[in-house]
Amino acid sequence: MANLEIAAPAASAAHLDVRVHAALARACASLSPASALLAALDWGLHLGASPGKRMALSGLARCQAGLLADYLRECQRTSPGEARLCVEPPARDRRFAAPEWRQWPFNLWHQSFLLTEQWWDAATHGIPGVERHHERVVSFAARQWLDIFSPGHQLATNPLVLRRTAEEGGANLVRGALNMADDLRRAVAGVPPAGTEDFVAGRDVAATPGKVVLKNRLIELIQYAPATATVHAEPILIVPAWIMKYYILDLSPQNSLIRYLVDHGHTVFCISWKNPGWEERDLGMDEYLALGFHAALDAVNAVVPGRGVHAVGYCLGGTLLAIAAAAMARDGDARLASATLFAAQTDFSEPGELGLFIDESQVSLLEAQMAEVGYLTASQMAAAFSMLRSYDLLWSRLVNDYLLGERAPLNDLMAWNADATRMPAKMHSQYLRRLFLDDDLSEGRYPVQGRPVALSDIAVPLFMVGTVTDHVAPWRSVHKLHYLTAAEITFVLTSGGHNAGIVSPPGHPHRRYQILRREAGGIYLAPDDWLAAAPDVQGSWWPAWQQWLAARSGARVRPPRLGSAGHRPVADAPGAYVLEK
């Protein structure tokens, strides 16, 4: 009786905490103020206790002032366009590339800004005693704050905008105001961005012919119609991430990886995840394995019996596939012929910039908010990714759409990116805690059916793709699987980012990749050694992967039927789940 009397008020207190934390999350755009405050305090206190670092920063400021004064004197002796810059923008920095930025006074403004960025980078790094995560949070926050004051983002200090305004008599600003009003109207009404109406799933994208051959409360499984008289005997099962709609791999026909595989004689199946709502709030990683991957694999085995399956996972889908492959190896399940991982992490000790938003305080705040609505909203995820790529996704849009009045037309990839999804509360909490925070998978603690799995058990051939500029799954993190398993690994590092690097059809300009195969049981090459050893290839990596799949497949056979006795088609592709908003 006493225990019950204690438990009741404890449960009530916990519920109160959840409600307060959820309200705090709503007020703070789902970002933990405690996390930010702890990082700032850690940085500030240790900087205050580091007189040598402060002296170095003072010296850097004096040196920068001298460089800027020398630059101004050189501008007076020559022309601003010919004067040697006192600080060059980073190699990939496009903000001040236009020649107009070399003219007075814009040269002074942009050089002063770059020097300020340089100083703050030094001020937020290398302070003895600051915890690594806090250092990265403070540095990131400083960059975001400085971006607000960049001369390139202001009407009065951007020479390109001023010139356009003079040439058009301000018409560009009128167009920009209309663009802003339209965007605000769409945001309030929950309407997709302008241009998405030109990319309708099932008509313009996600249009590869096929049938839904399995449907449960979590997935629809699509089997694509054959496009060749004979096909490779082993089918392909694609496991996309549930953070995105599956048709990132089936965009317009010229950009569709699925169509490319079908046209090259592969039987392709692809999971389409349900966009979860309140009813799916209690679906966890176990359900994503059972109702997702294993249900799909069972259906593929029924449609194409007696054949090994080439499994393919993208992003979170790749992590799920790695977990499933390790569990299958543990249990003696030999149905996989190979596994391919696109931009998928298995070791989360260095997760890249996404880790800025993942610590105990942040996860607890998200859990409280998700407890009320049952899922993580698409807008919350979009806000995080916008901050990670603030120039591409925020500031360049502000300048182009609102100041220059130039609204760039959407392409299929941009339209797909606007077709966002949600994530159920239980699964997302487990994913953040067990994988990101605790790194259970790489350390052999992640349980499947009550027993831990080990990536070292995976023995099937692996094909892995990392992308050079990935902010979500940095390629060096993806590469870590090399020392977690002794399986044969063919690793590709391709130009582009998390999405554009994967959507890389043949004929796409400016594409290149490096590729290197490690035999089963071969010597581990660290990332820098791998870069030095891997040959450079111009063009798309798709043909290399298709040839890799073909080399691990048997003789070609007649295409299987669409569906089987136990998995008769229930709808045409792309099905219903992909259309849910």
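This is a predicted model: local features need pLDDT of at least 70, side-chain atom pairs count only at pLDDT 80 or more; totals for chains, interfaces and linings use all residues.
Let's start inside the sheet, where Ile 222 stands opposite Cys 270 in strand 5.

**Strand 5 and its partners**

- Strand 2 (residues 219-224) and strand 5 run antiparallel and are joined by five bridges.
- Strand 4 also pairs with strand 5, this time in parallel, through three bridges.
- Cys 270 turns up here too, as the bridge partner of Ile 238.
- Val 268, Cys 270 and Ser 272 point one way from strand 5, while Phe 269, Ile 271 and Trp 273 point the other way; all of them are buried.

- Strand 4 (residues 236-239) and strand 6 (residues 309-314) run parallel, with four bridges between them.
- Within that pairing, Val 239 has Gly 313 of strand 6 as its bridge partner.

**Helices against the sheet**

**Nonpolar cores**

- The largest nonpolar core has 117 residues, and those with the most contacts inside it are Leu 221, Leu 237, Phe 293, Trp 541 and Trp 545.
- Leaving out residues up to four places away in sequence, Phe 293 touches Leu 237, Val 239, Ile 271, Tyr 288, Ala 311, Leu 320, Leu 321, Ala 324, Met 328 and Leu 336.
- Another core, of 15 residues, lies apart from the largest one; among its members are Cys 75, Ala 83, Leu 85 and Phe 113.

**Helix 4**

- Helix 4 (residues 106-123) has 18 residues and reaches 26 Å from its first C-alpha to its last, close to the 26 Å expected at 1.5 Å a residue.
- Its buried residues are Phe 106, Asn 107, Leu 108, His 110, Gln 111, Phe 113, Leu 114, Leu 115 and Ala 123.
- Those buried residues are covered by elements including helix 2 (33-48), helix 3 (51-77), helix 5 (132-148) and helix 6 (159-168).

**Two buried loop residues**

- Asn 499 is found in the loop between strand 13 and strand 14, and is buried at a relative accessible area of 18%.
- The side chain of Asn 499 makes a polar contact with the side chain of Tyr 314 (3.1 Å).
- Beyond its neighbours within four places in sequence, Asn 499 is in contact with Met 244, Ile 248, Tyr 314, Leu 413 and Trp 416.
- Leu 251 sits in the loop between strand 4 and helix 8 (257-263), and is buried with a relative accessible area of 1%.
- Residues that Leu 251 touches, not counting those up to four places away in sequence, include Asp 204, Asp 412, Leu 413, Trp 416 and Val 503.

**Backbone details to check**

- As background, most residues other than glycine have a negative phi, and most peptide bonds are trans.
- A cis peptide bond joins Trp 104 and Pro 105, with omega about 0 degrees; Pro 105 is in the loop between helix 3 and helix 4.
- The bond from Ala 573 to Pro 574 is also cis, with omega near 15 degrees, and Pro 574 is found in the segment after strand 17.
- Ala 343 has a positive phi of about 45 degrees; this residue lies in the loop between strand 7 and helix 11 (360-373) and is buried, with a relative accessible area of 1%.
- Asp 439 has a positive phi too, near 50 degrees; it lies in the loop between helix 15 (425-437) and strand 10 (447-448) and counts as buried at 7% relative accessibility.

Note on methods: Residues are numbered from 1 along each chain as its sequence is written. Side-chain values use heavy atoms; hydrogens and water are left out. The expected span of a helix is 1.5 Å times one less than its number of residues. Buried means under 20% relative accessible area, exposed over 50%, partly exposed in between (1.4 Å probe, protein chains only). Contact means heavy atoms within 4.5 Å. Two strands pair if DSSP finds at least two bridges between them. A nonpolar core is a set of buried Ala, Val, Leu, Ile, Met, Phe, Trp, Tyr and Cys residues joined through side-chain atoms within 4.5 Å. A polar contact is a pair of N or O atoms within 3.5 Å; within protein, one must be able to donate a hydrogen and the other to accept it, and residues adjacent in sequence count only if both atoms are side-chain atoms.
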